[in-house]
Amino acid sequence: MNLFAEIRVAVTDAVAALQADGTLPAGLDLAAITVEPPRDAGHGDMATNAAMVLAKPAGMSPRQIADALVLELTKDPRIAAAEVAGPGFLNLRLAPAVWQGLIKAALHAGASFGTSSLGQGQRVNVEFVSANPTGPMHVGHVRGAVFGDALARLLSFAGYDVTREYYINDAGAQVDVLARSAYERYREACGLEPEISEGLYPGDYLIPVGEALKAQFGGTLLDKGEQFWLAEIREIATDLMMQMIREDLALLGVQMDVYSSEKAIYGTGRIEQAIDTLRKMGLIYEGHLEPPKGKTLEDWEPREQTLFRSTAYGDDVDRPVKKSDGTWTYFAPDIAYHYDKVSRGFDLLIDVLGADHGGYVKRMKAAVAALSDGRVPLDCKLIQLVKLYKNGEPFKMSKRAGTFVTLRDVVEQVGADVTRFVMLTRKNDAALDFDFARVLEQSKDNPVFYVQYANARINSVVRRATDAGFAVDDATIANADLTRLSHLAELALARKIAEWPRVVDVAARNNEPHRVAFYLYELASDFHGLWNKGNDDTTLRFVQDDDAGTTQAKIALARAVGVVISAGLGILGVTPVDEMR
RNA sequence: GCACCCAUAGCUCAGCUGGAUAGAGCGUUGCCCUCCGAAGGCAAAGGCCGCACGUUCGAAUCGUGCUGGGUGCACCA
């Protein structure tokens with residue numbers, strides 16, 4: 001139930017009525033009409049721009065149209081008042097019964113309040129994390145993981161059929177390095193001195209891998225050359241790394257639906273097939289690239305390469321799909337992989353990438369546009385860096401200095417819920433400061449705490465009402481007499497609740513889960529505000545001694561807030577707490 | 001040199017895909033708890049929305065050109 005959408009229908013119906021009686025001309029485009037919460041609550045409950053938008057095409061002044069709309073709209077029992085303001089805004093004040101009905105609807109819908117049919121069951125693939133399988137996940141990966149997962153939850157809430165997918169980069173040189181590093185740990189496990197030279201991965205996490213290799217092979221690989229063990233150890237080590245990564249993701253509450261392997265694409269003919277498809281479209285050719293201007297490359301030499309004409313789709317230069325030695329570039333299997341996603345029938349693709357992949361976006365979009373004949377949009381969400389702080393002091397991660405922070409470190413220190421919420425309190429394309437001390441602070445500056453505190457208070461109110469001997473079971477609350485909620489402060493809170501479906505809608509349309517986090521903070525703030533008004537005006541307290549009816553109505557309001565907080569936190573992947581401690 | 005992202009209050013950031021007098025938190029200033037709902041609340045001060053043109057009833061939002069910061073720029077992944 002989206003109240004704004006419903007009132008918008010009332011507005012367009014009113015326009016239609018005016019067209020029917022000849023006040024307005026026929027054939028007007030009503031698409032630009034919006035019904036929104038006004039910036040200033042003093043202006044009313046909702047505002048519409050209908051008169052301004054229609055003025056020009058109708059050849060009338062906004063004022064004329066607005067006046068006619070007022071007469072028409074006030075026939076609707078839901079609309080208590082309508083007045084023209086400013087340049088032609090129509091401010092609507094809704095009847096208390098509308099807000100009371102909204103609270104009922106929210107309670108009735110429960111966890112599904114705010115879900116929408118926006119997605120219409122369209123299939124969306126969200127690819128995220130896709131960290132190289134060469135070690136445990138570190139803080140740099142956390143934000144992308146949280147963002148991707150929250151986005152998936154948001155889209156699913158908004159009616160999309162969502163698949164979460166991880167693309168394993170297990171085919172490049174980095175997994176050879178992994179295998180060599182693991183081999184040294186294997187030698188170590190066999191009692192030899194490991195030679196972890198420059199360029200190998202020094203991390204301790206490979207020690208158990210070495211031991212596993214010893215358990216499997218004994219000493220049989222010790223005096224063998226790389227050609228005897230590289231492929232096999234690579235396989236074993238990447239499997240073990242992926243196991244670790246899955247565990248890391250689980251710590252954060254992230255569960256992938258599909259893991260796709262880059263290596264598995266090779267040798268299947270799928271790369272050739274994807275490239276051939278592009279070739280048939282005239283988008284693949286053999287040619288030379290110009291050296292980049294303004295940047296001097298000392299070892300530049302012109303080479304003939306197989307190129308993808310991404311410039312046909314707005315890229316800056318064409319991009320190589322084959323290296324000069326004839327092997328595929330990283331781009332080629334990635335094209336095949338995205339082609340695969342398209343042919344699996346997704347209606348929309350989303351890639352969550354680190355900000356350093358910005359230069360990669362245009363070529364990937366070009367490939368997807370070409371291979372899907374422009375039918376499947378690819379939205380690339382770039383995730384900016386997280387700057388780490390401890391007590392206000394920035395600190396840099398360094399493997400050498402031992403200040404390398406893993407995902408596990410973060411979750412163990414601050415918990416998955418806090419980590420997730422904080423990571424979502426910023427737009428994905430803005431850098432985020434993460435202070436280990438501040439995120440655990442129990443004060444109003446900490447949004448996680450503030451929202452959780454509101455939820456805890458709601459539970460505490462219900463407990464208190466129970467202790468006072470009032471019936472607060474679901475059925476009683478659902479049938480409470482809400483006409484007892486008439487105070488402006490209470491109706492204002494209901495109005496905030498009414499915004500929830502709108503927030504979901506806008507957030508999902510833009511693939512911006514952070515909007516949910518900000519909304520929850522505002523909702524919590526309004527709830528705390530009403531609570532605090534109870535200090536001065538005791539009639540605003542939720543539990544009213546000797547008045548079961550009023551108490552039940554107020555509990556209904558509180559529960560409705562709780563419904564939205566739970567739903568919102570659910571989208572963020574954060575567990576609501578019932579009690580602070 | 002080119003591309004992408006960012007620029008909003010002293011600080012950290014929102015701003016609902018063009019709407020009204022641009023918002024919140026922190027910080028500052030002033031009020032509010034001997035108790036019954038203060039890990040908090042109320043109020044005030046604080047802005048050429050980086051700059052300049054343009055588009056239109058109307059621009060923080062869209063376009064163009066600048067300025068400043070970040071990221072990335074053949075055969076890496």
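**Entry 1. Arg 123**

In which strand does Arg 123 lie? I looked it up in the model, which is a predicted one, and found Arg 123 in strand E5, residues 123-127.

I then asked how exposed the residue is. Arg 123 has 16 other C-beta atoms within 10 Å. A residue counts as buried at 20 or more and as exposed at 12 or fewer, so with 16 Arg 123 is partly exposed.

For its contacts I left aside the neighbours within four places in sequence. On that basis Arg 123 is in contact with Asp 161, Gly 345, Phe 346 and Asp 347. I also took one distance from here: Ala 158 is 35 residues from Arg 123 in sequence, and their C-alpha atoms are 12 Å apart in space.

**Entry 2. The chain as a whole**

I stepped back to chain A. I noted 18 helices and 15 strands in chain A. Taken along the principal axes, the C-alpha atoms of the chain fill a box of roughly 90 × 60 × 40 Å.

Of the 581 residues in chain A, 39% are buried. I also looked at the contacts in chain A between residues at least 6 apart in sequence, and 73% of these join residues at least 24 apart.

Next I went to the strands. Strand E3 covers residues 79-85 and strand E4 covers residues 89-94; the two pair in the antiparallel sense, and I noted six bridges between them. Ala 85 stands opposite Phe 89 in E4.

The hairpin of E3 and E4 has three residues between the strands. Gly 86 takes a positive phi there, near 55°.

E8 and strand E9 (residues 304-308) run antiparallel and are joined by five bridges. In this pair I found His 288 opposite Glu 304 in E9.

**Entry 3. The sheet of E14, E13 and E15**

I found another open sheet of three strands, this one with mixed pairing and the order E14-E13-E15. Strand E14 (393-394) and strand E15 (432-435) are the edge strands, and each pairs on one side only.

I took the two pairings in turn. Strand E13 (residues 386-390) pairs with E14 in the antiparallel sense over two bridges, and Lys 390 stands opposite Glu 393 in E14. E13 and E15 run parallel, joined by four bridges, with Tyr 389 opposite Asp 435 in E15.

E13 and E14 also form a hairpin, with two residues between them. Asn 391 is in the turn, and I noted its positive phi of about 55°.

**Entry 4. Helices H14 and H17**

At what angle do helix H14 and helix H17 pack? I read an angle of about 50° for H14 (residues 447-467) and H17 (residues 514-536), with their axes 9 Å apart. That angle makes H14 oblique to H17. The crossing in which H14 passes H17 is left-handed.

I listed the residues that make the contact. From H14 they are Pro 447, Tyr 450, Val 451, Ala 454 and Arg 457. From H17 they are Ala 517, Leu 520, Tyr 521, Ala 524, Phe 527, His 528 and Trp 531.

**Entry 5. The largest nonpolar core**

Which residues touch the most other members of the largest nonpolar core? I found Val 561 and Val 564, in a core of 160 residues. Helix H18 (residues 548-572) gives the largest share of this core, 14 residues.

Val 561 is in contact with Ile 458, Leu 493, Ile 497, Leu 523 and Phe 527. Phe 527 was already on my list for H17, in the contact with H14.

**Entry 6. Gly 469**

Is Gly 469 buried or exposed? Gly 469 is found in the loop between H14 and helix H15 (474-478). I counted 8 other C-beta atoms within 10 Å, so Gly 469 is exposed.

Last, I checked Gly 469 against Val 422. The two are 47 residues apart along the chain, and 39 Å separates their C-alpha atoms.

How values were computed
Residues numbered from 1 in each chain as written. Chains lettered and ligands numbered in written order. Predicted model: local features only at pLDDT ≥ 70, side-chain atom pairs only at ≥ 80, totals over all residues. Pairing = 2+ DSSP bridges. Core = buried A, V, L, I, M, F, W, Y, C linked by C-beta atoms within 7 Å. Contact = placed C-beta atoms within 7 Å. Axes fitted to C-alpha atoms, helices over the stretch in contact; angles between N-to-C directions. Parallel < 35°, antiparallel > 145°, perpendicular 65-115°, else oblique. Left-handed = near helix turned anticlockwise from the far one by under 90°.
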